[in-house]
Amino acid sequence: MADPKGFLTHDRELPVRRPVDVRIQDWKEVYTDFPPAKLNQQAARCMDCGIPFCHNGCPLGNLIPEWNDLVYREDFQEAIERLHATNNFPEFTGRLCPAPCEAACVLGINSDPVAIKRVEVEIIDRAFAEGWVRPQPPAVKTGKRVAVVGSGPAGLAAAQQLTRAGHDVVVFERADAVGGLLRYGIPEFKMEKRHIDRRLEQMRAEGTEFRTSVNVGVDITAAQLRAEYDAIVLAGGATQWRDLPVEGRSLRGVYQAMEYLPPANRAVSDALEPAAGADSAINARGKHVVVIGGGDTGADCIGTAIRQGAASVTQLEIMPKPPGARPGSQPWPTFPTLFKMESAHEELEDGGGDRVYAVSTLGFAGDADGNVRALRLVEVEGPQSGFKPIPGTEREIPAELVTLSMGFVGPEKGALLEDLGVEYDKRGNVARDASYMTNVPGVFSAGDIGRGQSLIVWAIAEGRAAASRADAFLTGETALPYPILPTARSLV
């Protein structure tokens, strides 16, 4: 335990965000540096709670009390060893995970939980700065070849684990750079891409091979993959987006979020000065922007549109406004649905934008040239009524660029999955058994492709678990950790 009285003497505190008018002028991460003294205080808040429910909240089983104690004692080198023992990529989870571990923190029963994510980020950033994150190549090679399809967090975790186990691993990515949605779906202001690049340097030095701009199933067939590799890990994600079949959907200017965000992120990455960014193929400059969907992807669209110079931004959400505090229907240690003020929301409100709850889109209106000019909406009752429209509440708002940020419905059923002959579960995800193996021997699935749309921390946990089962399949035994069953679910 760190400080026995730390949770009584220190309040929860996080880094300060840069001023809105400053940060929207660039694409850098929004937070300022966190002073070491404040970090020490946050680590000291970790209680001697007896049963650390944060372990249960985190599917990786992160050893949170251990590395909080080590940070309090300023032993960062041992802290990163304990952190890496369960998590391949704390630089990703610390920045992007919504922290079910914090929701399960025992201190959160009647106070603010420990700032677990912030401590995690500071440990890994310190480790990279000090040169403690080194390649860990295998001592012995097995001679087995493994193909990992998809380079998101599940694919990267599986690849790193299997490479370190001695297998020859090739990661295939259909985009022009490695990282999946971490690369082109997550804006720079949430996670600068240098964090991906420095981890990839370690993985390449360990022996993992990456092949980009390869559409597996087309550029290389399923039959070729089966012939050339001893095992396959499918980690292509749940990239089939949910659409909105309403009048005017085909008008120019109405895009899926993942049609809008990747070119914007690519423009920033390709710019000579990444902090300033560059023009995207789909640009919000001077336009009235409407973001449909109140989740994290919607927030990413908001922050991107603001930085591109949108005339106005409005976010629509069909659900009622969430409560500010944990409701009785979602008791500790479950992960509650709460009203959040992300950095993009703060920027939205600062610029006079609006977050509108309990509304449904009726359709889009266009101009004479086929461009969207307005959105028609109606207020609705709660989900118990099936979002029944409220008569007399219809209205029209300006909309010259619309992003549909309504989540994903499962993996794309393309040539690869069809030719492999994998089966699907009742939700349309790739079915697998307790060993993460599909109905096709030697073919495993990890992450959203088998679980459905989920969190980055679940993807990494599944990548590690699938790697363990693939290693056992290839060699007859394994020393790789198996953190979760494919049937595991969040605390509810």
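Which loop holds S213? Select S213 and see: S213 lies in the loop between β3 (209–211) and α13 (222–228).

Before going on, some ground rules. This is a predicted model, in which local features need pLDDT of at least 70, side-chain atom pairs count only at pLDDT 80 or more, and totals for chains, interfaces and linings use all residues. Residues are numbered from 1 along each chain as its sequence is written, and side-chain values use heavy atoms, with hydrogens and water left out. Helices (H or I, at least four residues) and strands (E, at least two) are DSSP runs, numbered from the N terminus.

**Stop 1**

Most residues other than glycine have a negative phi, and most peptide bonds are trans. S213 is partly exposed, because its relative accessible area is 47%. The cut-offs are these: buried means under 20% relative accessible area, exposed over 50%, and partly exposed in between, with a 1.4 Å probe and protein chains only.

Now select Y436, in the loop between α17 (415–420) and β15 (443–445). Y436 also has a positive phi, near 65°, and is a residue other than glycine. Is Y436 buried or exposed? Y436 is buried, with a relative accessible area of 0%.

Next, pick W332 and P333. A cis peptide bond joins W332 and P333, with omega about 5°. P333 sits in the loop between β8 and α16.

**Stop 2: helix α16**

Move along to α16, residues 343–350. Its buried residues are S343, A344, H345, E347 and L348. They pack against α2 (20–23), α15 (296–308), β8 (312–317) and β9 (354–357). After the helix comes G352, with a positive phi near 85°.

**Stop 3: strand β13**

Select residues 401–404, which form strand β13. In a regular strand the side chains alternate between the two faces of the sheet. Here L401 and T403 point one way, V402 and L404 point the other way, and all are buried.

Q256 has L404 of β13 as its bridge partner.

The bridge partner of I292 in β13 is L404.

Zoom in on T403 in strand β13. T403 is buried, because its relative accessible area is 0%. What does T403 touch, leaving aside neighbours within four places in sequence? T403 is in contact with Y255, Y260, V290, V291, I292 and C301. Contact means heavy atoms within 4.5 Å.

**Stop 4: two loop residues**

Select D243, in the loop between β5 (240–241) and β6. D243 is partly exposed, with a relative accessible area of 38%. Leaving aside neighbours within four places in sequence, D243 contacts R249, Q256, L404 and M406. Draw a line from D243 to E173: they are 70 residues apart in sequence and 25 Å apart in space, C-alpha to C-alpha.

Now select G237, in the loop between β4 (231–234) and β5. G237 is buried, with a relative accessible area of 17%. Not counting residues up to four places away in sequence, G237 touches P411, D448 and I449. From G237 to R469 is 232 residues in sequence and 19 Å in space, C-alpha to C-alpha.

**Stop 5**

Select α10, residues 153–164. This helix has twelve residues and reaches 17 Å from its first C-alpha to its last, close to the 16 Å expected at 1.5 Å a residue. Eleven of the twelve residues of α10 are buried, including P153, L156 and Q160. G166 follows α10 and has a positive phi, near 105°.

Finish at the second largest pocket. It is lined by 17 residues, of which E81, H84, A85, Q136 and R164 lie nearest its centre. The elements that give two or more residues to this lining are α6 (76–84), α10 and α12 (194–206). A pocket is an open set of points on a 1 Å grid over the protein atoms alone, where a 1.4 Å probe fits, with protein on both sides within 12 Å along at least five of seven lines; lining residues have an atom within 4 Å of a point.

Technical notes:
Pairing = 2+ DSSP bridges. Expected span 1.5 Å × (residues − 1).
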